[in-house]
Amino acid sequence: PEFQSKGNAAQFAIPFAKHVCIGKGVDVGCNRPEWAFPGAILVDPAINKFDALNFPEDVIELDYIFSSHCLEHLYDWVDVLDYWTLKLKPGGVLFLYLPDYSQEYWRPWNNRKHKNIFTSHIISDYMNENGYKNIFQSGVDLNNAFMIVGEKI
């Protein structure tokens with residue numbers, strides 16, 4: 001569908017994220033302020049000088065990190081998630097909304113802006129092995145994406 005190439009995928013995840021992303025947090029990769037998670041500190045080189053591996057200096061001990069359709073654009077998603085995990089306080093929430101492999105458009109060989117493609121099982125495995133609990137993964141939605149949420153131990 002045309003809407004998948006226009007951006008603002010976060011609109012499909014934000015209503016749910018509002019229930020678990022509470023307190024001090026960041027939105028990584030929103031691309032435009034009007035697409036950002038409400039109340040979050042924005043981390044995006046399209047908006048400011050910060051990026052997925054370079055948060056503002058005073059951004060530590062976060063209650064949540066929200067990111068929608070960002071991780072697939074980054075070369076080393078494991079380094080990124082390791083960095084984000086360090087920024088979360090114990091009990092902090094990592095909320096990811098990611099394109100699913102099921103949509104051919106999202107695959108890196110069809111969409112050259114994407115460096116990776118995911119399934120919820122890949123991210124869930126990372127979270128299980130890297131200090132998260134209470135991991136919830138949705139199924140694939142009508143945007144051919146999935147939400148996955150974990151709480152830092």
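**Pocket, loops and core**

Reply: This is a predicted model. At 12% relative accessibility, His69 counts as buried.

Me: Where does His69 lie?

Reply: His69 is buried, at 12% relative accessibility. Its phi is near 50°, a positive value in a residue other than glycine. Most residues other than glycine have a negative phi. His69 lies in the loop between E3 and H2.

Me: What is the phi of Asn31?

Reply: The place of Asn31 is the loop between E1 and E2. Asn31 is partly exposed, with a relative accessible area of 36%. The phi of Asn31 is positive, in a residue other than glycine, and near 80°.

Me: Which residues are closest to the centre of the largest pocket?

Reply: The largest pocket has a volume of about 670 Å³. It is lined by 33 residues. The closest to its centre are Gly29, Asn31, His69, Glu72 and His73.

Me: Which elements give two or more residues to the lining of the largest pocket?

Reply: The lining of the largest pocket divides into 15 nonpolar, twelve polar and six charged residues. The elements that give two or more residues to this lining are strand E1 (25–28) and strand E3 (62–68).

Me: How many disulfides does a search of the whole structure find?

Reply: A disulfide needs two cysteine sulfur atoms within 2.5 Å. The search of the whole structure finds this number of disulfides: zero. For Cys30, in no disulfide, the nearest cysteine sulfur is that of Cys70, at 9.3 Å.

Me: What is the relative accessible area of Cys70?

Reply: Cys70 is in no disulfide, and its nearest cysteine sulfur, that of Cys30, is 9.3 Å away. Cys30 is buried, with a relative accessible area of 7%. Buried means under 20%. Cys70 is buried too, and its relative accessible area is 9%.

Me: Which residues does Trp35 touch, not counting residues up to four places away in sequence?

Reply: Trp35 sits in the loop between E1 and strand E2 (41–43). It is buried, with a relative accessible area of 14%. Not counting residues up to four places away in sequence, Trp35 touches Lys6, Gly7, Asn8, Ala10, Ile14, Asp27 and Cys30.

Me: What is the separation of the C-alpha atoms of Trp35 and Pro15?

Reply: Trp35 and Pro15 are 20 residues apart along the chain. The separation of their C-alpha atoms is 13 Å.

Me: Is Lys113 buried or exposed?

Reply: Lys113 lies in the loop between E4 and H3. Leaving aside its neighbours within four places in sequence, Lys113 is in contact with Glu72 and His73. Over 50% relative accessible area counts as exposed. At 63% relative accessibility, Lys113 is therefore exposed.

Me: Which residues does Lys115 touch, not counting residues up to four places away in sequence?

Reply: Lys115 is found in the loop between strand E4 (88–99) and helix H3 (120–129). At 33% relative accessibility, Lys115 counts as partly exposed. Its C-alpha atom is separated by 6.1 Å from that of Leu74, 41 residues apart along the chain. Not counting residues up to four places away in sequence, Lys115 touches Glu72, His73, Leu74, Tyr75 and Pro108.

Me: Which backbone oxygen lies 3.3 Å from a polar atom of the side chain of Lys115?

Reply: Lys115 is in the loop between strand E4 and helix H3. A polar atom of the Lys115 side chain lies 3.3 Å from the backbone oxygen of Arg112.

Me: What covers the buried residues of H2?

Reply: Helix H2 spans residues 77–87. Its buried residues are Trp77, Val80, Leu81, Tyr83, Trp84, Thr85 and Lys87. What covers them includes E1, E3, E4, H3, strand E5 (132–137) and strand E6 (145–152).

Me: Which residues does Ser124 touch, not counting residues up to four places away in sequence?

Reply: The place of Ser124 is in helix H3. Ser124 is buried, with a relative accessible area of 10%. Not counting residues up to four places away in sequence, Ser124 touches Ile135, Gln137 and Ile148.

Technical notes: Residues are numbered from 1 along each chain as its sequence is written. This is a predicted model: local features need pLDDT of at least 70, side-chain atom pairs count only at pLDDT 80 or more; totals for chains, interfaces and linings use all residues. Side-chain values use heavy atoms; hydrogens and water are left out. Buried means under 20% relative accessible area, exposed over 50%, partly exposed in between (1.4 Å probe, protein chains only). On a 1 Å grid over the protein atoms alone, a cavity is a set of points where a 1.4 Å probe fits but cannot get out, and a pocket is an open set with protein on both sides within 12 Å along at least five of seven lines; lining residues have an atom within 4 Å of a point. Grid points are joined across faces, edges and corners, and a volume is the space filled by probe spheres set on the points. Helices (H or I, at least four residues) and strands (E, at least two) are DSSP runs, numbered from the N terminus. Ala, Val, Leu, Ile, Met, Phe, Trp, Tyr, Cys and Pro count as nonpolar, Asp, Glu, Lys and Arg as charged, and the others, Gly among them, as polar. Contact means heavy atoms within 4.5 Å. A polar contact is a pair of N or O atoms within 3.5 Å; within protein, one must be able to donate a hydrogen and the other to accept it, and residues adjacent in sequence count only if both atoms are side-chain atoms.
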